[in-house]
Structures are given as C-alpha cells and as structure tokens.
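Here is a short tour to read alongside the structure. Please keep the 3D view open as you go.

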Amino acid sequence: MDNVEILSRIQFAFTIAFHYIYPPLSIGLGVCLVFMEGLYLKTKDKVYEELTRFWIRIFALIFGIGVATGIVMEFEFGTNWAVYSRYVGDIFGSALAAEGIFAFALESAFLGILIFGWNRVSPRVHFLSTVLVALGSMFSALWIVVANSWQQTPAGYRIEGTGMQARAVVTDFWEMVLNPSSIQRYSHVLIGAFLAGSFLVLSVSAWYIMKRKYVVHSQKAFTIALWVAAISSLGQLFTGHQSAEVVTKYQPAKLATMEGHFETAPADLYILGWVDAKNQQTTGLKIPGGLSFLVHQDFKKPIPGLNSFKPENRPGAINFVFQTYHLMVGIGMTLIGLCGLALFLLYRKKLFVNRWLMAVFVGSVLLPQIANQVGWYTAEVGRQPWVVYGLLRTSDALSQAVKAEHVLISLILFTLVYIILFVLFIYLLNKKIQHGLDVSPEDPETPRSKFNPSPI
Amino acid sequence: MDTILGLDLPTWWFLLIGALISGYGILDGFDLGAGALHLFFRKEQSRRIALNAIGPVWDGNEVWLVIGAGALFAAFPLVYGTLLSVFYLPFMLLLLAIIFRAISIEFRSKEEMKWWRTLWDVCYCLSSSTIALLFGLILGNLIQGIPLDKNHQFVGRLLDFFNPYALLISVTVLSLFMLHGAMYLAMKTEDRLYARMTVLINQTSKFFILCFITSSMATLIYVPHMEAIFHKYPVMFALPVTAVLIVLNMRRMIEKRRYLRGFISSGVTTALLLILFASGLYPNLVLSNYDARGNISIYEAASTDSSLRTMLLFAVIGMPLVLTYTVFVFWTFRGKVKLEETSY
C-alpha cells in the first residue's frame, strides 16, 4: 500500500467512526422524543413536557455535531476518492443527492422549530416538527445505507468503459435501491441507532434515579426508553441473522473472515476466540459446526474457507474482523439480557429500587455505541480489498491529484479538531445532565431544584 | 440525446446546480456575512441578538451546500472528483471552518465566563470569514481556469491558487456576504443595535462597491475568455448591465433605509454574478488554462441520461418541499429578535 492509500483510509475510517457516534444517538433519541412529546399531547401531563424540553436540548447538541462531521464525509468522497466518485457517481451520487433533498433538508429545517419554536408554534405543530425531524433522520440513514449496501452487493447496474475510464451506471433504479442487502442492513443499522439513543435515555434517567433527582420524570423516561430498547434488542437478533445470511450468500470471503474459517469444511461458531492468521489457526470457545448449522441447518455441511479465495481477494485484517464481529454479537446478547431483566423487575415493581441494576444502566450507554462501531468495522474491513464488492479495489479508487503530505496535514488537523470537539461534547453533555430538567417550582418532588431558565 | 423543453439533460443539471449554488450563496451568504461582522458588536447583549437572528435558520441554509454538493456528485461525478481533489487543502480548511463555525454557535451560550464567550465569538467570526474567503478563492480560480492536462490530471501547484486575481474575488465574495448579512441583521434588530447596523451597512456597501468595480475591471483585463460570450451573443450583455443597475438600486435602498429591498437586491446580485460566471463557462464546467483539451464539459462529465432523469424527478418533487420548509421556518421566526429562555 502506498502512503496516499494508507493515509486516506485512516482518515476516512477515523472521520466516519467519529461521525457515527452522533447520528445513531439522534435517530434513537428522536424516537424517544416522539413518544415523550406524544404522551404530553395525549395526557397534558407537565412531566412529559419538561422531559421533552430537556431531551430536545441534549438532542440539539448531538445533532449539531452530527451535521458538522457529516458534511466532512460527503466532501471526502471527492477529495480523497476521486476515482471512486467518478466510478460510482451515477449510482452513489443519486442516493446521496436524494438524502440531501428528501431527508437532510427536512430534519434541518424543522430542527429550528424544535429548539426555538416553543413559543412560536402551537403544541401540535411542535409535535409535528418532532415527528418530522425523527422521520428525516431515519430517511437520511435509509439513503446512506442504500448507497453503502450497493457497494457491498451491487445490483441494477452495468459497467461502461474499461480500465481507468470504467464506471458503473444504473440500469434499473429500484433494483439498485433494493439491492440484495439494502433492507436487511438498513433495518440492522436503524435498530442499532434505536438502541444507541434509548440507552442514552436509560443511562441518564438511571443516574437521576440513583441521585434521587427528578425521580417521577426519570422513571417515566426510563420506562419509555426501556420499551424502545427491549423491542429493539430482540429485533436486532433477527435483523442481525438476516444480515449474516446476505453476507453468506454474497460475500462468502467476509463470512469466512468473521469466523476465522480457513479450509472449506463444516464451520464452527465461536463464542470467544483468537485467530492466528499466519498459521491459519483459530482457537477458542466454540460450538462445533455451529456456523454450518446457522447457514444450512446442518452441522455437517461445508462452508467455503478463506483458502478457497485468491490471496488478493481476501481481507487483510482477519483477527481484527473476527474480534469486532464477536464483540458486536456479545454486546447484542448482553443488551437482550439486560433489557429482559429490567422489564421483569419493572413488572415486579422492583426495578427502580434496585441500585446495582441502575448503576449498570448508567454505564450501559457505552454498549450500543461500541456495538455500532465494531459492527461497522466488521462490515467495512471485512469487505476489503474491495471498495465496490468484486468491481473496484480500494487501492484503485484514490484521487490522483492528492499527495501524501496533504493527506497527512488534513489527517493531523482532523485528529486535533475531533479530539477538542469530543472533549467539549462530553463536557457540555455532562453540564446539561448536571443542570438537569427545568421543573415547575411548585413541584414538591424535587424541592432543591429551582426554576432556572438557562440558555440552551 | 433526450431533451426536455428543448434542453438536453446535462444542460438542465447545469442550470439546476447553478440554482442550488445561488440558493446557497443567497441563504448561507447572509448568515456567513453576519458571522463575519460579529466582532463589530461590542456588547454581550448585541452579540446574543446577532447570533439568535440566524439561530433558527443557519442550519437549514447550510443544507443547500449539502444538496448542491450531492447534486454535483450525482450529475457530474467526474467534475466532483476532479475539483475536490484538485482543491484538496482549500476544501479541507473549508470543512474545518464549517465544523468550527457550527460548534461556536452551539457552544458559545453554554458557559457564562467572559473568556469562554469571547473565544467562541472570535472563532465564529474567523470561521465565517474563512468560509466566505475560501469559496471566493475557489471561484476566483475556476473563473481563470485551472491547469489540467488533456486527461484532466492536475499539473499545477497548490501555491498558484493564491494568485492576486483569486484573492481579489475572494475578498469580493466576503464583502458581498458582509453587506448581505448586515442588511439581514438590520431587519432583525431594533433600537441601538439597529442604529449600529445602519452605520455598518453604509460602510460594508462602500467596501463591496469598491471590490465589485475592481474585480469587474480585473476580469475584463485578465480573464478575456469570460467575455467571449458577449461577442457571440451580444444580448448577454444585458446581464452585467442588470447587475450594475441592481447594485446602484441597492445603494439607493440603503440610503432610504429600505433594508428588505436592499437585502433582496444583494441576493439578486449574488445570483446574477453566478449566472455571469455560468454563462462564461457553459457548456464547460471546468476550464483548463493549460491545455484546452483539459476542459471538462457537461457532456463528458455527465451521468447517464436515465440517472439524470430519475434525479430530475427527485428535484421536481423535492425542491418545492425544501422551499416550503424554508419559507415556513422563516415565516415562523419573522420579525425582530426577542431573547427567550431557549435562545443561544
């Protein structure tokens, strides 16, 4: 790999991983906000209004950073991956343009009303804006995941031209949009986002409950978020299995990498393990033939191993993909257990007095974040060396005009700025959480809090 | 080749992207300009009002950049890849400025400390100015043409982008946005801040007219290929004449303190200057000053007709929606700024 390639890949990976902290939080939080504000409109209970106002302030902070870091992604296709841009423009470009025009415009316009419009529009119009912002963020994800899925499982296209002039052009728009992995991957991504947002609400609410602040508010918020999280965590098991089926069918080399499976034979399913790629050894705790069973419902059926693919068509970082994949699955299972336990205790009316479980929920906000990150690492590192699967290699997709030192400069700048940005984000998020909700003064439940309209 | 109303699809997309960039210039132009003027306000209260004047709308304005860039990517991928990679470092600086600007607006009000607010005020002003200057710099270079060989590979050096003509266009864009932003702020403020704005408008309008005359002369002298269109179609001469008339009218409106009309005039000026540039460019999107075969025409760069047609359908459905949201949001937040508990 030459320096431009390695630096451009690091820069893209770093900027998109950082960006991806924020949009899933906005999407998931958007869903929770729709429930909170909807319940306020339905019950006219001030508690739900105060909750909505508080969480919109958090939403605004997250959304702002998501937008700023997202624009970077759009431009990076052109700046660092000019050949890729030309190759996929006919396809990827239309999905990206659709995202801008149908989704991003919707969420950005109504976000202003969400934050600043409380005294300017009626409660119904405000609620409508919340719904539109939440829908807009989901549409955004739809188009972006469609574009990415096309790169994983290209469909509805043909190749025009040859060599460096080759490009993919759309032959059937809907076949391109509904390519074999779009729906499975979109639902998996969307539910991952629901988990990220709902666990943020769970974590903050659990913290307030432990501190005995805003107890009535926080119990309501916790219950809303718990239902979102519980249903999502089960849904994730289902969409995860479907995504894996697509990988099995269309990206067998990725599947073999995910389980460290080298020789074509019945494949094991690892719970934990380690891949020694040099000696082609995978060791760990496993269910013998488990992967074969999941794929073919037969423990004995062979699965193509990595050695059945040409060396130049195999992913490089095999152990990395193995570990990220297993970490994602492990966290997914943990979340199901955690939500199930919490729902059971909620039913027994013993949830909110269970201090150790509340403490676990305070920290649990990191789990879906980590799972979302490592899930994408699995998907993107696992499909290497291809940027468009089977069609365009990552190493052929770079900008010709860009020099390594320029990428190094921009990478250093992004690293510095994103570190500052992250520190400030955590600082301000913590400050907002410490400041807490603005609760009406006559509320007897929290005598210490005073009405203090602070600027957001 | 397919045509719609007598124009082929690449031409439609050339026009549409021009409209999106003009929309971006007119909308984000005023909030960038307001940002560039931010440090001229001394008092905390004034700065808060100025910031809240753009508070609910700046994010929606920036969407036009996202859509414009997305449309360029989709309709003319060759140009998207070439331009963004040729102007690699300017675009990277632009992205960092966009990030800094967003967080300045967002973070400023979160702490009371004076140093904190001053820090983000300076950051906001510098990043807003930098964005305007960088767009101007890129525009200035595109007007002159950039060194591309016959395979559209870049053969120039980064430092060549900082030539006097490009720097002049860069400052001109900043001055236009500052004037545009000043008139927007005048419409949103009252009392002493309004009085301050009238003085600032007067000064920025003189600054802009000076830049406008200088850069027009410089274009006539140094960039002869931009005039070719007038020799070919003398009727096109109406464009610069209209631009001059509008600028003169804007000056008159400023003297009468009719700032809404002045604001509309500066918006129209932005669009007219971009139309002038586009008519000098057509049917090319990028001009090469190194080898004429390096020019990138809309036909060479365009996506397939079927893709352009699908996206034209998106635009026909989507753009009226975007315009509706924009109008709705501006209408909701009409009138003078009042600081509330949810304000920045």
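Let's start with burial: 52% of the 456 residues of chain A count as buried. Bear in mind that this is a predicted model. Chain A contains 14 helices and 8 strands. Its radius of gyration is 23 Å, close to the 23 Å that the globule rule gives for 456 residues, so chain A is as compact as a globular protein of that length. The C-alpha trace of chain A spans about 70 × 50 × 40 Å along its principal axes. Among chain A contacts between residues at least 6 apart in sequence, 74% link residues at least 24 apart.

Now for the place where the two chains meet. On chain B, 57 residues are in contact with 62 residues of chain A. The elements of chain B that give two or more residues to this side are listed here:

| Element of chain B | Residues |
|---|---|
| α3 | 58-75 |
| α4 | 77-86 |
| α5 | 88-107 |
| α13 | 305-332 |

By class, the side of chain B that touches chain A has 34 nonpolar, 18 polar and 5 charged residues.

Two of these helices also meet within chain B. How do α3(B) and α13(B) run relative to each other? Their axes come within 12 Å and cross at roughly 175°. An angle over 145 degrees counts as roughly antiparallel, and α3(B) and α13(B) are therefore roughly antiparallel to each other. From α3(B), B:Gly60, B:Ala74 and B:Ala75 meet B:Leu308, B:Met311, B:Thr326 and B:Val329 of α13(B). This contact is made up of 5 nonpolar and 2 polar residues, with no charged ones.

Methods:
Residues numbered from 1 in each chain as written. Chains lettered and ligands numbered in written order. Predicted model: local features only at pLDDT ≥ 70, side-chain atom pairs only at ≥ 80, totals over all residues. Contact = placed C-beta atoms within 7 Å. Helix = DSSP H or I, 4+ residues; strand = E, 2+ residues; numbered from the N terminus. Nonpolar A, V, L, I, M, F, W, Y, C, P; charged D, E, K, R; others polar. Rg over C-alpha atoms; globule rule 2.2 N^0.38 Å. Buried ≥ 20, exposed ≤ 12 C-beta atoms within 10 Å, placed from the backbone. Axes fitted to C-alpha atoms, helices over the stretch in contact; angles between N-to-C directions. Parallel < 35°, antiparallel > 145°, perpendicular 65-115°, else oblique.
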